[in-house]
Amino acid sequence: GPLCDTLYRKSKKELKKNEFSKNTYEEAVTRKEINTKWIAKMDKAYAIVSMPGSVISTMKRGEPPKVSFAVEARQNKRKFITRVRGLESYHINPEVFASDVSKRFACSSSIEKDAAGREALKKGHVECVFQGNLADELTALLLGDERLCSHGGCKNSNYALPKGIFNIDLKKGVPKGRR
């Protein structure tokens, strides 16, 4: 039937390689085997949902967009800055986010529209720059999980991004023990 054809049929390339092989189907299959084959055949996809009302704002194939943090040492490896990119993909206004973070963590913040000397920004995207090494705090804030960070500024977060979308890049001179 169509389920067996979808799960067990060989592609045209495989049939051309091996001219003598034919499509063969198994006699008995467990549900677990069918489930694993079915999931392996599926394409990866994601949906970005706006929470009051569960409105799907974006649904695409592939991996979800990443939010990246880059922590750099500034002077004498004592002071750090944290750069955040990719908030626009999750409909977070960078200007509002920067002011919220600067109030929560008592640090200065700025918005950069051009990335001179660094990787180019996507069209219409900006980069938030924060004073200090705030990678852990910002991750906890964006996840909405206050248990990940001991800082009180992570409490009562309005953000709820999924796990696994964060890229944390510690540049030269940043200690690895405290991210």
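**Surface patches and core: a selection tour**

Start with Leu3, which counts as partly exposed because its relative accessibility is 40%, a value in between the cut-offs of under 20% for buried and over 50% for exposed. The model on screen is a predicted one. Leu3 sits in helix H1, residues 2-8.

With Leu3 they make up a nonpolar patch on the surface, and together the five have about 470 Å² of accessible area. Now colour helix H3, residues 31-41: this helix gives the most to the nonpolar patch, with 3 residues.

Keep H3 in view and turn to charge. Select Arg9, Lys12, Lys16, Lys37 and Lys41, which form a positive surface patch. Helix H2 (12-17) and H3 each supply at least two residues of this positive patch. Lys12 counts as exposed because its relative accessibility is 69%, and the cut-off for exposed is over 50%.

Then hide the surface and look inside. In soluble globular proteins, nonpolar side chains tend to be buried together. Here the largest nonpolar core has 27 residues, and the members that touch the most others are Val67, Phe97, Val101, Phe130, Leu138 and Leu142. To see where the core comes from, select strands E1 (45-50), E3 (67-73) and E6 (127-131) along with helices H4 (94-105) and H5 (135-143); each gives two or more residues to this core. Finish on H5, the source of the largest share of the core, 5 residues.

Notes: Residues numbered from 1 in each chain as written. Predicted model: local features only at pLDDT ≥ 70, side-chain atom pairs only at ≥ 80, totals over all residues. Heavy atoms only, no water. Patch = residues over 30% accessible without salt bridge, like charges linked within 9 Å, V, L, I, M, F, W, Y side chains within 5 Å. Areas by Shrake-Rupley, 256 points an atom, 1.4 Å probe, with all protein chains shown as cover. Salt bridge = Lys/Arg side-chain N within 4 Å of Asp/Glu carboxyl O. Helix = DSSP H or I, 4+ residues; strand = E, 2+ residues; numbered from the N terminus. Buried < 20%, exposed > 50% of the residue type's maximum accessible area, 1.4 Å probe, protein only. Lys, Arg positive; Asp, Glu negative; His and termini not counted. Charge placed at Lys NZ, Arg CZ, Asp CG, Glu CD. Core = buried A, V, L, I, M, F, W, Y, C linked by side-chain atoms within 4.5 Å.
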